Amino acid sequence: SAVEAAAAVTARGARCAEAYETLADVVVAVNLSRGSGAHVVVQEVVTSGTPGFTAALAFDLKAAVDARLDARTAGGTHAHVAHNPWPVHRVSPGTVVFHDWRGERQNPGMGLVPAAVLMARVVSIPAPGAVVTLDCGSKALAAEAGDPAGYVLGRPEWTAMACSEEHLPCAISPAGLAGNGGASTPPKRGDVVFVVPEHIC
């Protein structure tokens, strides 16, 4: 549900913030080690896959490092690091480029649209008005993504069920067929649809 998805995003954001606080401690420890003759210089910090993308954008790593250095140097000018540029914090999400279904739930409200979809056809209607079968299965949709393996664009009344290697059955909501927020036209064999994968990898 939308409430559960929002709660998951909030919880993930809190866990990411904790991780970034720890990362700030590590960056400070490495930077301070330079004063003891160490030759390690943190010039770039690369973090975050797609699940923590928005949380990474929300965390100000430079401010967190500055606060720790201020505390260590009593508000001084951080002479021990002043001659080096601050580490650049880059986020490196992968599948956000394709914006799959999982990425939409993990990073909602970004205004992105799926860049990769799978074209499929209705190959059977084993239970008219209740179930439709598409010619895409775990070989076309990532099997490791679990069920449901995707959703059908423009058919909110269709819910993907467990897929086989070659086929994806979808349950059809009667309310959707009646025109309640879904497509009112019953599907026919040969209809072309587009499936957004749960996970594009």
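**Figure 1. Surroundings of threonine 133.** Leaving aside neighbours within four places in sequence, threonine 133 is in contact with Arg121, Val122, Val123, Ser124, Pro126, His167, Leu168 and Pro169, where contact means heavy atoms within 4.5 Å. This is a predicted model, in which local features need pLDDT of at least 70 and side-chain atom pairs count only at pLDDT 80 or more, while totals for chains, interfaces and linings use all residues. Residues are numbered from 1 along each chain as its sequence is written, and side-chain values use heavy atoms, with hydrogens and water left out. Threonine 133 belongs to strand S4; helices (H or I, at least four residues) and strands (E, at least two) are DSSP runs, numbered from the N terminus. With a relative accessible area of 11%, threonine 133 is buried. The term buried stands for under 20% relative accessible area, exposed for over 50%, and partly exposed for values in between (1.4 Å probe, protein chains only).

**Figure 2. The largest nonpolar core.** This core has 15 residues, and those with the most contacts inside it are Leu134, Cys136, Val152, Trp158, Leu168, Cys170 and Val195. A nonpolar core is a set of buried Ala, Val, Leu, Ile, Met, Phe, Trp, Tyr and Cys residues joined through side-chain atoms within 4.5 Å. Two or more residues of the core come from each of strand S3 (118-127), strand S4 (131-134), strand S6 (158-160), strand S7 (168-172) and strand S8 (192-197). Strand S7 gives the most, with three residues. Residues touched by leucine 134, not counting those up to four places away in sequence, include Ala120, Val152, Trp158, Glu166, Cys170, Val193 and Val195. A second, separate core of 14 residues includes Tyr20, Ala24, Val42 and Ala55.

**Figure 3. A stacked aromatic pair.** Rings of Phe, Tyr and Trp (its six-membered ring) pair if their centres lie within 6.5 Å; planes under 30 degrees apart count as stacked, over 60 as edge-to-face and the rest as tilted. By this rule there are two aromatic pairs. In one of them, the ring centres of tyrosine 20 and phenylalanine 59 are 5.3 Å apart and the planes are at 20°, so the pair is stacked. Tyrosine 20 lies in helix H1 (residues 2-33), whereas phenylalanine 59 lies in the loop between helix H2 (53-58) and helix H3 (61-73), so the pair ties together parts that are 39 residues apart in sequence. Tyrosine 20 is buried at 6% relative accessibility, and phenylalanine 59 is also buried, at 14%.

**Figure 4. Arginine 105 over tryptophan 101.** Arginine 105 lies over the face of tryptophan 101, at 4.9 Å from the ring centre. A charge sits over a ring if NZ of Lys or CZ of Arg is within 6 Å of the ring centre and within 35 degrees of the ring normal.

**Figure 5. Cysteines without disulfides.** A disulfide is a covalent bond between the sulfur atoms of two cysteines. Here a disulfide is counted for a pair of cysteine sulfur atoms within 2.5 Å, and the structure holds zero disulfides. Cysteine 163 is in no disulfide; its nearest cysteine sulfur, that of cysteine 136, is 7.7 Å away. Cysteine 163 is partly exposed, at 22% relative accessibility, whereas cysteine 16 is buried, with a relative accessible area of 16%.

**Figure 6. Isoleucine 172 and proline 186.** Isoleucine 172 is found in strand S7 and is buried at 6% relative accessibility. Isoleucine 172 and proline 186 are 14 residues apart in sequence and 9.6 Å apart in space, C-alpha to C-alpha.
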